[in-house]
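Hi everyone, thanks for making time this morning. Let me put the chain up on the screen, and then we can walk through it together.

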Amino acid sequence: MQPVVWTIAGFDPSAGAGVIADSHTLTTLHCRSQAIITAITAQNGKEVTHCEAVSCELLEAQFNALRMLGWPEVIKIGLLPNAQIVNCVSELLQHFTGCIVYDPVMTSSSGFELMTSETIRVLKEKLLPRIHLLTPNIEEAQILTDQKINNAADMILVGKALCHMGTKQVILKGGHRIGPLVQDLWTDANKSYWLSSERIVKGKTHGTGCVFSSSLAAFIAKEYEVDDAFVLAKMMVTQSIQHAHMYDDVTFAKVLHWPPSASFLPWLTLSAEDAHQRKPFPPCETKIGFYPIVDSALWVKKAIDWQVKSIQLRLKNNLDGLWSEIQQAAAYAQDSNIQLFINDHWELAIENKAYGVHLGQEDLTHCDISALQATNIRLGISTHSYAELARAHALQPSYIAFGPIYPTKSKPMRFLAQGIQNLQRWRELVSGQLVAIGGITLNNLPEILACDVDGVSLISAFTKANNPEETCQQFLGYFQYGQEHV
Ligand code: TZP
Ligand code: MG
């Protein structure tokens with residue numbers, strides 16, 4: 001069943017923005033779109049000549065008509081043309097418990113003022129405390145907070161100030177700033193992060209705010225976490241700018257298909273500056289291929305003897321013997337051509353000159369990435385969601401791992417099994433080496449390989465096999481080494 005999303009917004013006859021653009025975006029993203037019109041405008045992207053609010057009675061009548069059909073999963077709000085409409089919408093939504101995304105449309109892209117100061121006053125008092133996700137651009141955020149934004153630090157201050165007005169989370173869009181990147185900030189006042197993408201120079205594009213906020217609403221309605229919905233919505237809007245079309249000097253955002261191409265994947269960083277300093281990690285010499293995960297140097301030795309090309313030493317329990325196990329494994333690896341990755345312990349990996357280090361998302365926060373980059377060490381990163389993929393993308397690692405593809409007993413997982421379809425999706429988004437992990441066995445290996453992955457990582461199917469050497473030969477038989485694409 002497609003989730004229902006309401007858009008409560010204005011009517012733009014050119015269809016570039018407002019309910020038509022919202023509805024088109026929602027439908028493209030396989031949601032059922034229903035609309036409540038707040039105002040009829042006369043505009044064409046170049047100029048707005050009229051903006052006439054509907055009466056509160058008419059607004060309420062539209063609301064009542066839709067309520068007969070039930071509540072939607074998510075509500076997206078756009079233009080609220082006057083204080084009465086703001087009051088009315090706030091009251092009508094009092095009992096709605098789902099997520100409300102509000103794109104505070106204040107001026108049109110052509111510069112027409114769509115909100116008076118009285119409307120803004122009522123908005124702050126009545127509506128903002130009900131909003132889960134506010135998506136202002138720079139100008140709108142400045143007006144709402146009465147603070148100036150000159151740089152990334154100001155964006156954080158203003159984002160937090162907006163949260164303090166009652167909205168739970170804010171995505172402050174940086175598209176109207178200048179510079180080689182478009183950097184959008186997410187914050188809930190306690191934490192923040194940035195999504196960056198290369199700027200596409202098209203001049204002002206009509207309708208981008210609607211495409212972005214409707215995409216967000218759609219992905220949230222489809223039960224994505226807000227962080228993932230943000231990544232996906234940014235991809236949708238970047239695609240709509242890339243493919244924007246011109247009519248009589250006006251550029252219109254063009255909502256295309258889902259999913260957008262991998263080139264629109266943004267990168268996620270904790271600071272705005274980090275997004276500018278992306279330096280790729282060295283690639284692996286050999287395709288990762290069969291990539292068992294083991295918990296001792298002795299297993300590494302056996303794997304070398306059996307001609308395994310890539311291996312991960314993952315020590316979660318034997319912390320006493322940590323140093324000696326890593327040193328021993330690294331010594332074995334150096335005498336062979338195996339690509340040995342050390343899980344978690346990046347400092348010991350560097351110290352012992354391991355080939356690579358494998359980190360989970362939590363480890364990234366504690367790791368000194370520039371210390372890794374100062375060496376020639378390879379980096380592999382685990383990913384389970386679009387936001388994690390965007391974070392890995394910022395670091396351009398030597399490979400990206402994705403899983404669990406199937407249920408696994410070897411690690412307690414916060415994430416459900418991802419399945420083959422998501423693995424295919426990851427393959428489209430990851431241009432470097434992609435490693436599948438989680439519940440992989442000789443039985444399901446063919447369907448994993450059909451997704452064109454570069455490596456398969458596994459624990460139990462190897463270390464718990466009745467005859468690990470024979471199992472190892474069977475796995476290795478599926479990979480052709482020496483014709484690497486890396
Ligand atoms: N990360 C995602 S799934 C997993 C890890 C470490 C465990 C894989 O083990 P198995 O036994 O191959 O399912
Ligand atoms: Mg870890």
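A word on domains before we start: their bounds come from an automatic or database domain assignment. On that basis the chain is divided into domain 1, residues 4-276, and domain 2, residues 289-485. Please keep in mind that this is a predicted model, where local features need pLDDT of at least 70, side-chain atom pairs count only at pLDDT 80 or more, and totals for chains, interfaces and linings use all residues. Residues are numbered from 1 along each chain as its sequence is written, while chains are lettered from A and ligands numbered from 1 in the order in which they are written.

The contact takes 14 residues from domain 1 and eleven residues from domain 2, with two residues in contact if their C-beta atoms, placed from the backbone, lie within 7 Å. On the domain 1 side, α8 (226-242) and β13 (267-269) are the elements that give two or more residues, and α8 gives the most, with four. Helices here are DSSP runs of H or I, at least four residues, and strands are runs of E, at least two, numbered from the N terminus. That side of domain 1 divides into ten nonpolar, one polar and three charged residues. Nonpolar covers Ala, Val, Leu, Ile, Met, Phe, Trp, Tyr, Cys and Pro, charged covers Asp, Glu, Lys and Arg, and the others, Gly among them, are polar.

Now to the inside. Of the 486 residues of the chain, 49% count as buried, meaning that 20 or more other C-beta atoms, placed from the backbone, lie within 10 Å of a residue's own. The largest nonpolar core has 152 residues, and V435 and L216 are among those with the most contacts inside it. Such a core is a set of buried Ala, Val, Leu, Ile, Met, Phe, Trp, Tyr and Cys residues joined through C-beta atoms within 7 Å. Again α8 gives the most to this core, with ten residues. Leaving aside neighbours within four places in sequence, V435 is in contact with residues including I288, Y399 and V453.

Last, the ligand. Around ligand 1 there are 13 residues, the closest being T408, S410, G438, L458 and S460; each has its C-beta atom, placed from the backbone, within 6 Å of it. This shell divides into six nonpolar, six polar and one charged.

Terms used. A residue is buried if 20 or more other C-beta atoms lie within 10 Å of its own, exposed if 12 or fewer, and partly exposed in between; C-beta atoms are placed from the backbone.
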